[in-house]
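User: I'd like to learn how to read a fold from its strands and helices. Could you walk me through one?

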Amino acid sequence: MATHILVVDDETAIADLVEVYLKNEGFTIHKFYNASDALACVRTTRLNLAVLDVMLPDMDGFTLCQRIREDHLFPIIMLTAKVEDMDKIMGLTLGADDYITKPFNPLELVARVKTQLRRYTRYNPREGTVQEVTEYDFRGLQISKATHKCVLFGEELALTPLEFSILWYLCEHRGNVVSSEELFEHVWGEAFMDSNNTVMSHIARLREKMHEPSRKPKFIKTVWGVGYTIE
């Protein structure tokens, strides 16, 4: 069965380049230069993934992403020429699964597309099953349950089994706050005691290995009095 990918970018050279590289991988491409035509395609075509530019002439990519998310769950990758973190965070908050900053390597985009398609494991009505997620890939972090490896911005992290389990559990619950009690009981399999600082110390070592600034970490964030979350 063909894999249908929506590509929306008002820069024809970039849209054409993305189309060429994705077509070479055997994907069927639906290419548009504005949001209106893209939405019309979304309404009439069964899509598997979308690549959206942020700056479009008739509607910004974030709004387009939000409109698509009202009815569809397929992966969305944002393309942005802006480097401000707020733009990237906004894109992910509104329902995007990943983003790439321009200029980008087309081969990297192809790799991101394949990863998102692999981890798109929502309910499949044809098979009536839910597939198990075996890897996560977002914002430069790649973690695989199958290989038990974690790579951050191209660097493989030497994680202990406990550190890997903590990071995996947070990725599984990405966007949600996980309490220290829940983390401890899931990872260690024991009852949590109020005075237990084990989770805190392991999170600190995990952040260290991820080269995270202690005051403003980019990945594992502390929600004081509640627990931890990964964005």
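Analyst: Let's go from the overall picture to the sheet, the helices and a hairpin. Keep in mind that this is a predicted model.

User: Okay, how many helices and strands does the protein have?

Analyst: The tally is eight helices and 11 strands. The chain has 231 residues, and 45% of them count as buried. The protein exposes about 12,600 Å², with carbon and sulfur atoms supplying 51% of that area.

User: And what share of the contacts comes from residues 24 or more positions apart?

Analyst: Taking contacts with a separation of 6 or more, 54% are between residues 24 or more positions apart.

User: Now the sheet. In what order do the four strands of the open sheet come?

Analyst: Read across it and you get S6-S7-S8-S9, with antiparallel pairing. The edges are S6 (135-138) and S9 (155-156); each has a single partner strand, so one side of each is left without a neighbour in the sheet.

User: How many bridges join S6 to S7?

Analyst: Four, and the two strands run antiparallel, with S7 covering residues 141-144.

User: Which helix lies across S6, S7 and S8?

Analyst: That's H6, residues 161-172, and it runs at about 110 degrees to S7. The S8 strand in that group spans 149-152.

User: What about helix against helix: at what angle do the axes of H7 and H8 cross?

Analyst: Roughly 85 degrees, and the axes come within 9 Å. Angles of 65 to 115 degrees count as roughly perpendicular, so H7 and H8 are roughly perpendicular to each other. On the H7 side, the contact is made by Ser-180, Leu-183 and Phe-184; H8 brings Thr-198, Val-199 and Ile-203. By type, the residues of this contact are four nonpolar, two polar and no charged. If you want to find the helices in the viewer, H7 is 180-187 and H8 is 198-209.

User: Last one, the hairpin. How many residues sit between S10 and S11?

Analyst: Three, and Gly-225 in that turn has a positive phi of about 80 degrees.

User: Which residue is the bridge partner of Thr-222 in S11?

Analyst: Tyr-228 is the partner there.

Notes. Residues numbered from 1 in each chain as written. Predicted model: local features only at pLDDT ≥ 70, side-chain atom pairs only at ≥ 80, totals over all residues. Heavy atoms only, no water. Pairing = 2+ DSSP bridges. Buried < 20%, exposed > 50% of the residue type's maximum accessible area, 1.4 Å probe, protein only. Contact = heavy atoms within 4.5 Å. Areas by Shrake-Rupley, 256 points an atom, 1.4 Å probe, with all protein chains shown as cover. Axes fitted to C-alpha atoms, helices over the stretch in contact; angles between N-to-C directions. Parallel < 35°, antiparallel > 145°, perpendicular 65-115°, else oblique. Nonpolar A, V, L, I, M, F, W, Y, C, P; charged D, E, K, R; others polar.
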